[in-house]
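Please keep the sequence and the structure in view while reading.

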Amino acid sequence: MQGEDSQLSMTRRDLLRLIGLSAGGAAMYAVMNRLGLAAESPYKGAPVLQGAPRGTSVLILGAGLAGMVAAYELRQAGYKVQVLEYNQRPGGRNWTLRGGDTYTELGGFTQHCQFERGLYINPGPWRIPYHHRGLLDYCKKLGIPLESFVQVNYNAYLHSAQAFGGKPQRYRAINADYRGHIAELLAKVTQQGKLEAQVTKEDQALLLDSLRRWGALNDHYAYVAGHSASNRRGYDKEPGGGLSAKPLDSQPLQLHDVLSSRLWSGLADGENYEFQTTLFQPVGGMGRIGEAFGRQLDGVIRYNAKVTAIHQDEHGVTVSYEDARRSGHIQTAHADWCICTIPLSILSQIPMNVSAPMAAAIGAVPYAASVKIGLQFKRRFWEEDEDIYGGVTMTDLPINTISYPSNDFNRKGKGVLLGAYLYGLDAYQFTAMPPEERVRRAVEYGSQIHPQYKQEFENGVAVAWHRAPFTLGCFATWTDELRAKHYDNLCQIDGRIALAGEHASYLPAWQEGAVTSAMDVIARLHQRVVAGGAA
Amino acid sequence: MKQLLFIVVLLLAGTGNAVAQTSDSTFYTYDSLKTANGEAIFHAICQGCHMPDAKGATGAGTYPALANNPKLASPQYMAAVILFGRHDMPSFAERPADRKNFFRDTMLTDEQIAEVINYVRTHFGNHYTNNITAADVAAMHPQSVATKP
């Protein structure tokens, strides 16, 4: 057996070496995957597009991540690529607002970002899960440095205006007390023999042992003040050095108080697949990705181009556009094929001759309301006064979330935090306000959690996505019913037109949805081009 | 739960369920939204996209004006758009809460839909006199239409 095994692995190694020599590392990796030697992953790398017919052209609408991934890959494959973009910058929703930036939303409300140099807010996407391999791959290719994004911070707060007199509670304490009490209850039930029917005697012993560890129970399976509980929830007086160094244990909250506070509803967020450690952010702001793509595509992207009509016939696709800053003078661009990444909120208003099922899909998906507000403070009081470094505070106030910067830890001077991340009815109402009122209210609400706000606040910016001139909404809110009816129709190649973007993915609002939808669509389009010969 | 407001926030901090007011406007929770009339709904929700002067706005796409728009001649058309949504505009109809959506749906009663339509059709330079009623809106729900003889 051993001999057979080693013979087999010799054969495999030889095979892999041969493949590696002739086809390169990526091919070898693909074969290793098939042989079960490397970790499985749904991400297969950027598609290899070979044999593009000479001179075949593709017109891409939108220079967000989907459009720029498509442009980048198709150009490498030898296609003639042109991109039309409404904004005067690349990135779309991949975007960072920094000091000195000006942003005018629909209705003409203009904000001048006053942040100090180096400080920023990401109005759109702001975190990258470790399993978003497509996006991470492009960050690597484009040389974009990443740093950790802190999602869960045990020392940040869970807050309810209705609980504990409105006093914010440390995530650490609620987490420890919730678990401790549950562990104690389950241990009691086990010891009373009430699980006999479901759990064997042996497993009951193991269960009790595990509950003691999981819930920080004492030797009698009780969750009470003492070393084990304090080691989870923190101390009333921290242990230190020298005289008077002895720690003082803290007193756990009562089970009833924990339950009725409903603060437990904020405990599991960080356990969702998308928010599990490790997460990343680009150094200097999420917009670094779009900016880097824009440099790669220098001269390929035409900015300030507002698409007004899309028309296809058997020969190709003609797109009419005008200057986004001065309407009236219509120009046209023509190509053999078109990849359109314009958000459905806008595309549903643009005349385009596609099949009835695709047109129905484009018009069927409502867009989410969402508002983000960045606030600059004179000092990083959350670090200096409260030992909060990165992470998220959850509250039932309309601001919903406060997120502390995951960069420049422990630095002196000013800081910018995310002072609100609203959705649903709260977002509708904040969208309906002038930007300065949004900021004012975010400061008022936030000061219930951090009283320092009143003293330390300097300035802020507020982005309401329904008023963003280039998206008219935050992201496509598919429901299961809408997907069943329309999703496949949306993703088909319709004649010479195909769509891409987060709206054409099962990762709504995530950049990875835009990236993987672009990869999928260019692979299918390329296949069609090659199969059909030169256009 | 979510209604403490600027200016009066100091007075009201921690008082929970009170619906606070500011000089600008009321801030609604999903529960207190039920008490909003047509005018309040317009200013809390509709004007986010259709703008405070109801003139709409244009960027890469357009939010239609609700002022000087011939489509407003039909209050039923407006009711249909609010009930069923249109393009990127979501539906605001009352419906079961168990739908799997990203965020909690914002819902208006038929009465409120009628009120906001009547408000818009008599303001912003609109002078329509034919009001729509809650019963008219109710009759447009799919189930009502289906059970009609």
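How many of the residues of strand β19 (residues 370-377) of chain A are buried?

## Burial of strand β19

In this predicted model, β19 of chain A, which spans residues 370-377, is mostly covered, with 8 of its 8 residues buried. Ser370(A), Lys372(A), Gly374(A) and Gln376(A) point one way from the strand, while Val371(A), Ile373(A), Leu375(A) and Phe377(A) point the other way, and the residues of both sets are buried. In a regular strand, side chains alternate between the two faces of the sheet.

## Partners of strand β19

β19(A) is joined by 8 bridges to strand β22 of chain A (residues 415-423), and the two run antiparallel; within this pairing, Ile373(A) stands opposite Ala420(A) of β22(A).

β19(A) is also joined, again in antiparallel fashion, to strand β23 of chain A (residues 457-464), here through 7 bridges. In that pairing Lys372(A), a buried residue of β19(A), stands opposite Val463(A) of β23(A).

## An open parallel sheet

Elsewhere in the description of chain A, 5 strands form an open sheet with parallel pairing, arranged in the order β14-β2-β1-β18-β24. Its edge strands are β14 (301-302) and β24 (497-499) of chain A, each of which pairs on one side only.

At the β24 end of this order, strand β18 of chain A (residues 337-340) is joined to β24(A) by 3 bridges, and the two strands run parallel. Cys340(A) has Leu499(A) as its bridge partner in β24(A).

Methods: Residues numbered from 1 in each chain as written. Chains lettered and ligands numbered in written order. Predicted model: local features only at pLDDT ≥ 70, side-chain atom pairs only at ≥ 80, totals over all residues. Pairing = 2+ DSSP bridges. Helix = DSSP H or I, 4+ residues; strand = E, 2+ residues; numbered from the N terminus. Buried ≥ 20, exposed ≤ 12 C-beta atoms within 10 Å, placed from the backbone.
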